[in-house]
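Student: I have a model open and want to go through it with you. Can we start with the strands and then move on to the rest?

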Amino acid sequence: MVARASRMTPPMEYVRLFDEAAGLDGVIAIHSTARGPAAGGCRFWTYPDESAAMSDAVRLAEGMSYKNAMAELPFGGGKAVLRRPAGAFDRAALFEAFGEAVERLEGRYVTAEDVGTSVADMEAVARHTSHVAGRTALPGRAGGDPSPWTALGVFEAIRAAVAFQSGSALSSMTVSVLGIGNVGAHLCDMLAEAGAELVVADIDPARCARMAERHGARVVAVHEIAATPADIFAPCALGGVLDAATIGALSARLVCGAANNQLASEDMAGLLLERGVTYVPDYVANAGGIINVAAEYLDESADDVHQRVVKIGPRVAAVLDEAAREKLAPSVVADRTAERLMQEPVSEPA
Ligand code: NAD
């Protein structure tokens with residue numbers, strides 16, 4: 001069985017951002033523009049040095065190319081990474097300077113929120129460029145909080161994977177959800193509505209308590225959740241959760257969640273295969289948020305977003321089917337599909 005193939009990596013383009021007066025220090029990485037403008041959020045984080053910020057931008061921009069292509073969006077992949085200043089700073093001035101830098105790229109890069117940035121930051125960016133999404137949503141239009149859309153996409157992915165794997169009903173299943181934040185809480189609501197039993201864990205006990213009260217969820221400690229009996233494991237906290245220890249302890253035979261970069265290393269896809277665990281590649285399942293961001297940028301409606309997010313289910317089924325037929329890890333099939341789509345220019349979102 002083939003668990004992992006090397007990713008095709010087109011040359012990355014970097015735009016160094018530096019404006020001492022505004023406190024701006026970072027980089028925009030553009031990985032691919034074959035399908036359209038490079039789209040990906042702006043991360044605002046503390047990095048020890050320039051090279052750490054640069055390598056994060058490269059990894060994240062590449063990931064956006066795969067996610068956007070797989071979701072059949074008319075966008076390539078890019079990402080901005082800004083280093084959070086050590087001392088006091090004027091946040092609006094910093095993001096306005098970032099907006100000027102985005103504008104200088106004349107639409108080759110489209111930004112939005114990511115870790116550490118907010119709607120208010122994107123409003124500051126929008127004072128200098130129109131190549132920004134993640135702003136306040138207007139009624140009936142795409143935009144606003146992407147988390148419910150991400151949760152819907154993950155829910156549809158779970159349903160499709162369950163149908164592929166066993167054909168059993170979700171109402172007879174137990175789902176363990178790690179991370180009851182914006183996405184995890186919405187996902188729990190949908191799973192409970194479908195009749196699934198819930199097991200939840202989070203470093204914030206209040207978030208678990210809400211799910212226990214609302215849905216009768218069983219609360220366990222974070223380090224116990226992988227081994228707690230369940231049919232499905234949905235990682236919705238941080239990346240890197242699927243390491244050898246977690247996979248070794250895993251009770252569930254299906255992993256499908258919202259967290260980005262769930263595999264701690266590439267070889268973990270092989271370990272999951274060996275253990276007979278079906279892993280739905282994270283970027284296939286969690287594309288609902290970027291679908292919403294893309295639709296906002298293209299001035300589309302919330303209905304358009306819904307139609308596109310529910311296509312995640314059939315897409316997951318196709319990946320799992322191809323992987324089973326060819327005895328490949330689903331992540332290999334997903335990467336191969338995304339790489340093919342990355343070569344195909346598109347004019348309309350699918
Ligand atoms: P969030 O910050 O709202 O929620 C994360 C939750 O995880 C919080 O409840 C936090 O307490 C918990 N958590 C943090 N560290 C933990 C740990 N070590 N162990 C257990 N719990 C921990 O984030 P979110 O918006 O719900 O996103 C969740 C994941 O999904 C992230 O990995 C994010 O990158 C990814 N994602 C989110 C979206 C979106 O639309 N929000 C889209 C795509 C991917």
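Student: Which residue in β8 is the bridge partner of Thr 174?

Tutor: Glu 197 is the bridge partner of Thr 174 in that strand. Keep in mind that this is a predicted model.

Student: How many bridges join β7 to β8, and do they run parallel or antiparallel?

Tutor: There are 5 bridges between β7, residues 174-178, and β8, residues 197-201. The two strands run parallel.

Student: What is the order of the strands in the sheet?

Tutor: The order is β9-β8-β7-β10-β11-β12, which makes 6 strands in an open sheet with parallel pairing. At the edges are β9 (218-219) and β12 (278-279), each of which pairs on one side only.

Student: Now the helices. What caps the N-terminal end of α6?

Tutor: Asp 204 does, at the start of the helix spanning residues 205-215. A side-chain oxygen of Asp 204 lies 3.0 Å from the backbone nitrogen of Ala 206.

Student: And what follows α6?

Tutor: Gly 216 follows α6, and its phi is positive, near 70 degrees.

Student: On to the ligand. How many residues surround it, and which are the closest?

Tutor: The ligand is surrounded by 21 residues. Thr 150, Val 183, Asp 202, Arg 207 and Ala 237 are the closest.

Student: What is the shell like by class?

Tutor: It has 11 nonpolar residues, 7 polar ones and 3 charged ones.

Student: Which helices each supply at least two residues of that shell?

Tutor: Both α4 (147-165) and α5 (182-193) do.

Student: Which polar backbone atoms are listed with a ligand oxygen, and at what distance?

Tutor: A polar backbone atom of Val 183 is 2.8 Å from an oxygen atom of the ligand. For Ala 237, a polar backbone atom is 2.7 Å from a ligand oxygen.

Student: What about the side chain of Asn 260?

Tutor: An N or O atom in the side chain of Asn 260 is 3.1 Å from an oxygen atom of the ligand.

Student: How much of the ligand's exposed area does the protein bury?

Tutor: The protein buries 74% of the 830 Å² that the ligand exposes when taken alone.

Student: Last topic, domains. Where are the bounds?

Tutor: Domain 1 covers 13-126, and domain 2 covers 146-285 + 321-333.

Student: How many residues are in contact between the two domains?

Tutor: On the domain 1 side 4 residues are in contact with 4 residues of domain 2. The centres of domain 1 and domain 2, taken over C-alpha atoms, are separated by 29 Å.

Technical notes: Residues are numbered from 1 along each chain as its sequence is written. This is a predicted model: local features need pLDDT of at least 70, side-chain atom pairs count only at pLDDT 80 or more; totals for chains, interfaces and linings use all residues. Side-chain values use heavy atoms; hydrogens and water are left out. A residue is near a molecule or strand if one of its heavy atoms lies within 4 Å of it. A polar contact is a pair of N or O atoms within 3.5 Å; within protein, one must be able to donate a hydrogen and the other to accept it, and residues adjacent in sequence count only if both atoms are side-chain atoms. Accessible areas come from the Shrake-Rupley method with a 1.4 Å probe; for residues, only the protein chains shown count as cover. Helices (H or I, at least four residues) and strands (E, at least two) are DSSP runs, numbered from the N terminus. Ala, Val, Leu, Ile, Met, Phe, Trp, Tyr, Cys and Pro count as nonpolar, Asp, Glu, Lys and Arg as charged, and the others, Gly among them, as polar. Two strands pair if DSSP finds at least two bridges between them. Domain bounds come from an automatic or database domain assignment. Contact means heavy atoms within 4.5 Å.
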